[in-house]
Amino acid sequence: MMVCSAFIRAAHEHTFLVRNISHVFRCHQHQAWGSRPAASQFAAQGAPGSVVELLGKSYPQDDHTNLTPKVLSKVGRNLHNQKYHPLWLIKERVKEHFYRQYMGRPRTPLFSVYDQLPPVVTTWQNFDSLLIPADHPSRKKGDNYYLNRVHMLRAHTSAHQWDLLHAGLNAFLVVGDVYRRDQIDSQHYPVFHQLEGVRLFSKHELFAGVKDGESLKLFEESSRSVHKQETHTMEAVKLVEFDLKQVLTRLMTHLFGDAGAQDRIGWAFGLGLERLAMILYDIPDIRLFWSEDERFLEQFHLSDINQRVQFQPLSKYPAVFNDISFWLPSENYMENDFYDIVRTVGGDLVEKVDLIDKFEHPKTHRTSHCYRITYRHMERTLSQREVSSVHQAVQEAAVQLLGVEGRF
């Protein structure tokens, strides 16, 4: 093993949610900045027993299905493989670094790269293969996008580790889009991109440069189970820690300048491509990565992927603020459900959502939430009239789909 780091409703109720949120999305799609019509936008709808059509395959819906049209419309975009996109530039720079710095015996690149693995994985791949317990909170419907109880959109590129390791690979990079239900602000988006590196060492490789290394061991005298391998020796762990620190230090210097494996041991790291690009290129808002505006994209059309880029902001258009407050239902309310509705109805017009007030009625003990939704178009000025139409649709969807009582 390696060293590495809701709608809780019946099936008919969930189908009602998906069908109606798709309807609201259709009604307001023309207003959503950066929207890209696709057949997959309306895949997750229909009566119980229907299927989600995604990337040429059909997945039966069940009580775990919680995909939204907003998220489905992003599947298959693969921004990390779109030439001259800022995320593609980051990926290529990392690849170039690993190809140059780490060579195998025949003077070929030590690390292989996988950047076209499909984002639909099984829950076993995403959780069980990484020894994540069945009751671990990271499995919650409120934090993930499920096609059904068996299939989901990967929450991390680590979902592919088991398959690649058991294919006999010892050193590889995985790049891909990952999906998580989260808050709404300039740093968070339900789809983002990760780059992950994995490196394994045999006993000979790890101790080859150590004096009297042949006498050292990878494991202490301890037992192995299906859930846990033997404990690694302190010598092995320290050498692997040092190697990982060197790898990441060299990679960060390259980018920023000076400023489970049987009888093996190894390290793994993961990087968020959006976060790196936002720092490297001073990109202020994560929504921009989905823009098809040439004023944005042409800034990254470089002859040299290592060329420095200082992002020139598009015109800063004013924000429009609207509040929404409602009484919560007695049970099963999760903020990420509300955020999904806001994203689906408002699309990329929504810059952020802040919970600005909580109130508990002293007599009824009912709880009220008040959210401030910030609307801002990245390419033009929004009118209050235009925003009011979208905001009203958010209110109606929240009442209809979450069972809240509006205080509008």
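**View A. A salt bridge links Lys 70 to Asp 348, with 2.9 Å between the closest N and O atoms.** A salt bridge is taken here as a side-chain nitrogen of Lys or Arg within 4 Å of a carboxyl oxygen of Asp or Glu. Both partners, Lys 70 and Asp 348, are buried (under 20% relative accessible area, with exposed meaning over 50% and partly exposed in between, for a 1.4 Å probe and protein chains only). The structure shown is a predicted model, in which local features need pLDDT of at least 70 and side-chain atom pairs count only at pLDDT 80 or more, while totals for chains, interfaces and linings use all residues. Residues are numbered from 1 along each chain as its sequence is written, and side-chain values use heavy atoms, with hydrogens and water left out. Across the whole structure, the search finds 22 salt bridges.

**View C. Asp 177 and Arg 154 meet through their side chains in a salt bridge of 2.8 Å, N to O.** Asp 177 belongs to strand S6 (residues 171-179), and Arg 154 to the loop between strand S5 (151-153) and helix H5 (161-166), so the contact ties together parts 23 residues apart in sequence. Helices (H or I, at least four residues) and strands (E, at least two) are DSSP runs numbered from the N terminus. Asp 177 is buried, at 2% relative accessibility. Arg 154 is buried as well, with a relative accessible area of 1%.

**View D. A network of salt bridges links Lys 91, Glu 92, Lys 95 and Asp 115.**

**View E. Strands S3, S6, S7 and S8 form an open sheet, in the order S3-S6-S7-S8.** The pairing within this sheet of 4 strands is mixed; two strands pair if DSSP finds at least two bridges between them. At the edges stand strand S3 (112-114) and strand S8 (265-272), each of which pairs on one side only. On average, neighbouring strands of the sheet are turned by 20 degrees against each other, direction ignored. Strand S7 (residues 191-201) pairs with S8 in the antiparallel sense over 8 bridges. Phe 201 has Ile 265 in S8 as its bridge partner.

**View F. Strands S10, S11, S9 and S12 form an open antiparallel sheet, in that order.** Strand S10 (350-360) and strand S12 (405-406) are the edge strands with a single partner each, so one side of each has no neighbour in the sheet. Antiparallel pairing joins S10 to strand S11 (residues 367-375) over 9 bridges, and Asp 354 has Arg 372 in S11 as its bridge partner. Strand S9 (residues 320-327) has 6 of its 8 residues buried and is therefore largely enclosed by the rest of the structure. S9 pairs with S11 in the antiparallel sense over 8 bridges, with Ile 324 opposite Tyr 371 in S11. S9 also runs antiparallel to S12, to which 2 bridges join it; here the bridge partner of Trp 327 is Glu 405 in S12.

**View G. Helix H10 (residues 335-346) is mostly covered.** Of its 12 residues, 11 are buried, including Phe 338, Tyr 339, Ile 341 and Val 342. Among the buried residues of H10 are also Asp 337, Asp 340 and Arg 343. From first C-alpha to last, H10 reaches 16 Å, close to the 16 Å expected at 1.5 Å a residue; the expected span is 1.5 Å times one less than the number of residues. Gly 347 follows H10 and has a positive phi, near 60 degrees.

**View H. Helix H3 (residues 86-101) and helix H7 (residues 234-256) cross at roughly 125 degrees.** Their axes come within 10 Å; axes are lines fitted to C-alpha atoms, for helices over the stretch in contact, and angles run from 0 to 180 degrees between N-to-C directions. H3 and H7 are therefore oblique to each other (under 35 degrees counts as roughly parallel, over 145 as roughly antiparallel, 65 to 115 as roughly perpendicular and the rest as oblique).
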